[in-house]
Amino acid sequence: WRSLTMIKPSSLIFLVAVALSLASAALAWGPVSHYYMLCAAMNPDAAADCLTNPKYDTMLIASDMPDGLAGFAAPTFQYNSACPPTAEAGAYHDPLFASYLVKWATTREDQLMAIGYGSHMIADAVGFHNKGGYLSNGIETLKGDLNWITMWPKMAAIDSFIIDSNSIPISKLPSASPPAHFIEFLSNSSIAYQKIHTSFPAYNTTVLGDCTASWSAMINRLYPYYTNAIPSPLFESQLVYFDQQGATSFPETRGYLESGLRDGGFAVAKWIQLISQPNITPIEAVSQTMAFIDSLFN
């Protein structure tokens, strides 16, 4: 483990602000969307091939772990859940924590999974950007919170669009649970991160392993749904219905969606480029990435 240095108060303020903003904007791209934007960041010309290449399976699996830890697999949504309460585990949906994971990884595989993990929050920051993110601008709310009854089919429609437009075989999408070595690394890192951000909840490998395995099982149950949603009239009409940009036809909302996915890939690539530099700190990497995302909407 690298030694932890003192963090300036101003940096701590930024840390908390980022954590709160990303936690409140959590859980909206579907798993395939996150896989796709991570792949696009790594290889824009072969993103679809990346999605079905076993070489990238663990990295892709990690890219949707934050949603399981942050709430979808928590007791709020799933009875008899193995996951911690959403109010606590939502802290894991944090790009700064993920950036420390990349820096702390001592093996290449853990580092790649940490990059996958962090790509999730960066893509969400694009999707929920308040100046035109594809997932922002009036998502239906219920008492100030996201209405998940309508968000689930929206996510599934977006994922179905990606699968259909790229001719991705659903049977070849990643389906395994995160490997034990990464769960151990995640647990150890949560303890180390708690020394920086004292309110951060640290969990042992049993809690994190059971929770993420539960989430993987839930994702696997989505795949048969995609098979049924692929007939174009279904997901096309759903995307028009859920569009928040004022589109009234599928070609119009498709343009907005493709732009959002493309920008998500650009932002993830920017974060990977920054966090991979030895002289760039986690806080600097997140700050500069968020500034880059803002520039995409200017």
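Leaving aside neighbours within four places in sequence, M59 is in contact (heavy atoms within 4.5 Å) with L38, M42, L112, M113, I115 and G116. M59 belongs to helix α4, residues 57–63, where helices (H or I, at least four residues) and strands (E, at least two) are DSSP runs numbered from the N terminus. With a relative accessible area of 5%, M59 is buried; the term denotes under 20% relative accessible area, against over 50% for exposed and in between for partly exposed, with a 1.4 Å probe and protein chains only. The C-alpha atom of M59 is separated by 9.6 Å from that of P174, at a distance of 115 residues along the chain.

The model is predicted, so that local features require pLDDT of at least 70 and side-chain atom pairs count only at pLDDT 80 or more, whereas totals for chains, interfaces and linings use all residues. Residues are numbered from 1 along each chain as its sequence is written, and side-chain values use heavy atoms, with hydrogens and water left out.

The chain comprises 14 helices and 2 strands. Of its 298 residues, 55% are buried. Among contacts with a separation of 6 or more, 74% are made by residues 24 or more positions apart.

On a 1 Å grid over the protein atoms alone, a cavity is a set of points where a 1.4 Å probe fits but cannot get out, and its lining residues have an atom within 4 Å of a point. Grid points are joined across faces, edges and corners, and a volume is the space filled by probe spheres set on the points. The whole structure contains 2 cavities of 30 Å³ or more, and the largest cavity holds about 70 Å³ of space. By class, 8 lining residues are nonpolar, 4 are polar and none is charged; Ala, Val, Leu, Ile, Met, Phe, Trp, Tyr, Cys and Pro count as nonpolar, Asp, Glu, Lys and Arg as charged, and the others, Gly among them, as polar.

Helix α14 has 15 residues (282–296) and should span 21 Å at 1.5 Å a residue, in agreement with the 21 Å between its end C-alpha atoms; the expected span is 1.5 Å times one less than the number of residues. Its buried residues include P282, I283, A285, V286, T289, M290 and I293. These residues cover an arc of only 165 degrees around the axis, which puts them on the same side of α14; the arc is that of the directions from the helix axis to the C-beta atoms. Within this group, I283 has a relative accessibility of 14% and therefore counts as buried. V286 is buried with a relative accessible area of 0%, and V286 and K270, 16 residues apart in sequence, have a C-alpha to C-alpha distance of 9.9 Å.

S167 is located in the loop between α9 (148–165) and α10 (180–194). Most residues other than glycine have a negative phi. S167, which is not a glycine, has a positive phi of about 50 degrees. S167 is exposed, with a relative accessible area of 63%.

Definitions and conventions
On a 1 Å grid over the protein atoms alone, a cavity is a set of points where a 1.4 Å probe fits but cannot get out, and a pocket is an open set with protein on both sides within 12 Å along at least five of seven lines; lining residues have an atom within 4 Å of a point.
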